[in-house]
Every structure is written in C-alpha cells, then in structure tokens.
Amino acid sequence: MEMKEEQEKQQPERSESNRIFPQKRSRLSQILAAILVNALYEMRNYPIVLINTVLSPLSFLALIFFVSRGTLIKEAIEGGFIMSMFGAGTSLQSDLSHLKNDFKLQDMVVSSPTSWQIYLMGMAISELVYSLPALIVLGILEAYYVQMSAFALLGFIAVLLMMFLTSIDIGYTFATFSSDIVQSFAFSRLISTLFSTIPPVYYPITYIPNPYRYLAYLSPTTYSAQLAQNLGGSISLPFESIAIDWIILIAVTATLFLIASRKARWREI
Amino acid sequence: MIEESIQTLSCDHLTKIYGNSKRKALDSVTFSIPSSGIFVLIGRNGSGKTTLARILAVELEPTSGKATISGIDVVKEPLKLREKIAIVPQEARAVPWMTPMQTISSYLLWRGYGYGEAKRKAYEALERLELGGSANALTRTLSGGNRRKVLVATVLASEAEIIFLDEPTTGLDPISRKEFWDLLKKIARERFTFLTTHYLEEAEALADEIGVLDHGRLVRMGSLDQLRQSVSYNYSMKIPLYPKPPLPKLAKGEIMEGREGYRILTVEDEAFSIARDLSKGGYRFTVNPVSLDDIFFYLVNREGEKTNGNERGARETTTREERE
C-alpha cells in the first residue's frame, strides 16, 4: 500500500492534471503548439505579416476588378477565397520545409510523443489561422457583393474545404521532397503558378481561348472555381458538370492524400 | 535489481547505409552502457556520430541491427520511447520570431502538456538556466550562447529521462562553451545525457563514459581512465614538421605524423631524453601528459592502419617495439 502511494507520488505532475481524457487533451495541446508556432506567435511578434496575408489574395481581386470595370467582382471574390485556401497548401509546403531543414524543429517533434498526423493537422490548421485576416475581408466583400443563399453558402464552404485539403496534400507531398530552402522556394513558386495563377480562378473559364482551355482543366483549382462561380450565381452549370467537378475534386484530393501518406516519412530511412 | 539491469543503452550490430550508398555510415556498432550520467561520443566529421544519435532518438531507421534503451526497442517501440527521450539536433536553431518562453512552452505542448503547465515549466527551466530575464525577448536578439541555452532549456523543461545533444557547443566561444559544460554537468545529475562532439576537451571535461567512432566503426569504449590505459604511454610530445627535426629511435613509444607535425607517444624517461636532445638542436616542441586528444589520434591512426590493411598505415608510424 505504501509502495503504491510512493509510486503515485513519483508520477509526473502531467498525469495529475491530465487525468480526464489525457489522450484527447494532449492531442489538442499538440495541435495548439503548431498553431502557436506557425501562425499566432509569428503574427503577434511580427505584425507586418498580417498586412502581407491580407494583401496577397486581395491584390489579384483588385486587378480583376479594375480591368473588368467591376463586372467580374463576384468571380474575383470567389477566386480570392480559393486562392487563400490554395495558398494554405503552398505556405504549408514552405513552412514545413523551413521548420524541418533550417531550424530542425521537426526533428525535435519527431522525437516527442507527437504523431505525424497530429503534427500535420496542427500545421494545416495554423495555415488557416494565418489566412484568417484575408478570409475576414473576403467574407465581408462576399456578404456585400455576392449574397449567397444558405444552401449555396454551405456548398461554397464545402468547395473551399475540399480546396484546402487538396492544397495541404500537395504542400505536404512537395515538402517531403525539398531538402533545403532553395528547393522549397522553387516548389512553392511552381505550385503557386501552376495551380493558382495560370488557371481561371478569378474569372470564368470562357475567357480562355479554346485550345488552351483544356490545359486549365489539368488544375484542381479550375473545378473549384467553376463550382464556386456556379454557387455564387455568376455562371450556370448543368447538373452533370457539377457532378463531374465534384468527382474530380474528390478523386484528386484522395489520390494526393494517398501519395502524401505513402511518400512522406516521419522517421527517415 | 531488475530495475537496474534494464537501465542501459545497448546497440547490437547496428548498421546504417544511406540510400544506394556503398559506404556504411554505421558499421556493426555494438556496445552496452548504463543509461546514467554523461555518455560522450567522439569522432571526426562524418564518423557516424549524428547517424547513431538520430537512430537512438527514433528519427532514423537503421539498416540492420538492434538498439534498446532501458529495455525499449528503438526500432519496434518508437512510440513508447518517444515519451522518454528528447533531442537537440545538430545545427538546431531557436526560431527567431519566438521568445524563449514561447519556444519552450510550445515544445512542451507538443509533448502533451496543458497550456498553463507548459508555461509554468518553461519559466522554471529558464530561471534554472539564468535566462529568466530574457524570457520574453525575441530569440534573435539573444547571444549565440544563450540561443543554444534556450534549446537545451527546451528539452530540460520536458519530462524526458534521456537527452540527446548532438554537437551542442559547435560554434560557441571558449568561455560560453565552459559555461555550457557546467550546465550539462547539472543536467546529467538528473538525466542520462548522450552527447556527441568533436571537441575532445569537452569529452575529457564531461564524460562518464566515452565512445570513439571512426568511419562508422566503434573503435573504443570506456571511461577516460580506461581509454588512457588502452595507450601504454603516458607522455605526448608534439613537434612541428618544419624545420624537420631528427626523429629519435624510440625504445618504447610511437611516432605518428600528422598535418600539423609529429606526435610522439612515449614513457616519461624517454620523453625527457628526447626533449633534451631537441632543446640542444633548438627545435620547438611541447611535452604533456597523454590527453584524450592523443588517445583519439592514436586509436584512429590504429584503425586507419587496420582498414588500409597496412601495418604502418597511411601515415608513417614507427615503433621500436614493432621493429624489434
């Protein structure tokens, strides 16, 4: 009996305070750690990054607004949302690579009780948190210019969520291949150009001449933008097109997830 | 008694080959040491120190062989082991946009602590390392030594029983390094510290047990005294290559030629006799009791001879004993 009491006394304080759902609490702590390190501390200690976060998706929006004399404002706002979501994956790729290769922070986390799934989830959410200022501004513009129905809004959120998952998969997969900052930036620019600058994210696909239009369909962002523009009422897609767009988006996300989970190594070989 | 027997770190023919490389980064490393105090792994750059530390810290999978820490299999039970270990990797840097307090507390969150508890423990660790005053300063504003201290405080604040520090003092000035040693001695009173370094004086100052690694092979293992005994000479002389000195014929001892000059390991009488002769000729030299640096040089030189399949090795080595 005495021995048992002695053993209990020797237990670390952590187990004392984590008596209720210790697993759940520790996972939440692990997710919170990534959000703090990769978003909140950076935003708090370097407030200048907040301006950059807002400006990046809004700059294209402003460009499209001025060039189209305001006629493509709806498409540009929806494009801004998609760009923000997709940007999360691009940022994730460079942030993961940066924390792993330059600070060796990921190595420290690998040797801790955190699993790769929880680390990735925390880092992915941190990218969303980082995008929040832009999303808030876009949300205000969306409410003013687009005014979706509740049903359309749900569909729009689903499209954005799918875009977010796709971009996270792409970001994580590319992060596993980059071993230094130069490679990381190269991948980052490549992803950004291929998936968010060239495809018709901020304007309808009909603006692209026909032979080149097929190239745009190689990017998952094209399908997201089409669905978003349809939900926002700026284009009208037949049911079959909507179904095909969703199937392609889900298939791409699932495929990339499989590649990411197979290729990525938490413990190196 | 049983508890004591499992408090060991053991490697059994641990081998690592990276990718398609033909070279073994670790070559059948086998040893067993008690997991207490400070174990220092010494070796030249590329000798396999980091590879071994990373395998034991569950960051890297070995190609073959087995390793256990306190009875837990490094390869098969990584999750169990991760509760007990923490590492400060080679070239790790404190994130510059965070404060020491934020750095440590976020690491503790990753280890599963609650937010309040992580903050409290972070503050305690910083106070202990006399960094309390800089707790809320951005790490980029701290000195190099203090930035390293923050990383050590990070693992120190955790509950980890075994701490791996991979070349933690590289790049520090001599005074900061000595301060760092005092800190490591304090840590080692509570936790087993596995340290890699290529600073031999660091091993000499800190180690309870030393492992000498060369080209992925464990050349020697033991306490500093045991390593000293592995060399049967007690004095070391260093003579510059130029002006070329007359090399003595040794009754007992070894002459090794390195880039910086000749190194003679010998016994006391002979050392003083050579010193007299060199003084007369006006040659420069130093005479000191055999240090870990000499032992390392000697062991690595011997290993080189074995690897090259040449009795005399790549460097010119002569011994009267061998000649006779």
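**Close-up views of a predicted two-chain model**

**View 1. Chain A is built from helices.** Chain A holds 12 helices and 0 strands. The model is predicted. From the N terminus on, the elements of chain A read α-α-α-α-α-α-α-α-α-α-α-α. The C-alpha trace of chain A spans about 80 × 40 × 40 Å along its principal axes. Chain A has 269 residues, and 50% of them count as buried. Take the contacts in chain A between residues at least 6 apart in sequence: 78% of these join residues at least 24 apart.

**View 2. Chain A meets chain B.** The contact draws 38 residues from chain A and 44 residues from chain B. The size of an interface is often given as the accessible area lost when the parts come together. Here the area buried between chain A and chain B is about 3,800 Å². Carbon and sulfur atoms give 57% of that area. Between the two chains there are 17 residue pairs in polar contact, with both residues at pLDDT 80 or more. Four helices of chain A each supply at least two residues to the side that touches chain B: helix 2 (13-17), helix 3 (22-45), helix 5 (73-102) and helix 6 (105-110). Helix 3 of chain A gives the most, with 13 residues. By class, this side of chain A has 17 nonpolar, 10 polar and 11 charged residues.

**View 3. Salt bridges link residues of both chains.** Side chains of opposite charge can pair when their charged atoms come close. The count between chain A and chain B is 2 salt bridges. In one salt bridge, Arg54(B) pairs with Asp107(A), and the closest N and O atoms are 3.9 Å apart. Arg54(B) also forms a salt bridge with Glu59(B), at 2.8 Å from N to O. Are Arg54(B) and Glu59(B) buried or exposed? Both Arg54(B) and Glu59(B) are buried. A network of salt bridges links Lys100(A), Asp107(A), Glu268(A), Arg54(B) and Glu59(B).

**View 4. Glu268(A) pairs with Lys100(A).** Over all chains, the whole structure has 19 salt bridges. One joins the side chains of Glu268(A) and Lys100(A), at 3.5 Å from N to O. Glu268(A) lies in the segment after helix 12 (239-263) of chain A, and Lys100(A) lies in helix 5 of chain A, so the pair ties together parts that are 168 residues apart in sequence. Glu268(A) is partly exposed, at 24% relative accessibility. Lys100(A) is partly exposed too, with a relative accessible area of 22%.

**View 5. Arg44(B) pairs with Asp214(B).** Their side chains meet in a salt bridge of 2.9 Å, N to O. Arg44(B) sits in the loop between strand 3 (38-42) and helix 2 (49-56) of chain B, and Asp214(B) sits in strand 9 (residues 209-214) of chain B, so this pair ties together parts that are 170 residues apart in sequence. Arg44(B), at 33% relative accessibility, counts as partly exposed.

**View 6. Helix 6 of chain B and its cover.** Helix 6 of chain B has 13 residues (residues 144-156). At 1.5 Å a residue, the helix should span 18 Å, and its end C-alpha atoms are 18 Å apart, which agrees. The buried residues of this helix include Gly145(B), Lys149(B), Val150(B) and Leu156(B). What covers them includes helix 6 of chain A.

How values were computed. Residues are numbered from 1 along each chain as its sequence is written. Chains are lettered from A and ligands numbered from 1 in the order in which they are written. This is a predicted model: local features need pLDDT of at least 70, side-chain atom pairs count only at pLDDT 80 or more; totals for chains, interfaces and linings use all residues. Side-chain values use heavy atoms; hydrogens and water are left out. Contact means heavy atoms within 4.5 Å. Buried area is the accessible area (1.4 Å probe) that two parts lose on being put together, summed over both. A salt bridge is a side-chain nitrogen of Lys or Arg within 4 Å of a carboxyl oxygen of Asp or Glu. A polar contact is a pair of N or O atoms within 3.5 Å; within protein, one must be able to donate a hydrogen and the other to accept it, and residues adjacent in sequence count only if both atoms are side-chain atoms. Ala, Val, Leu, Ile, Met, Phe, Trp, Tyr, Cys and Pro count as nonpolar, Asp, Glu, Lys and Arg as charged, and the others, Gly among them, as polar. The expected span of a helix is 1.5 Å times one less than its number of residues. Buried means under 20% relative accessible area, exposed over 50%, partly exposed in between (1.4 Å probe, protein chains only).
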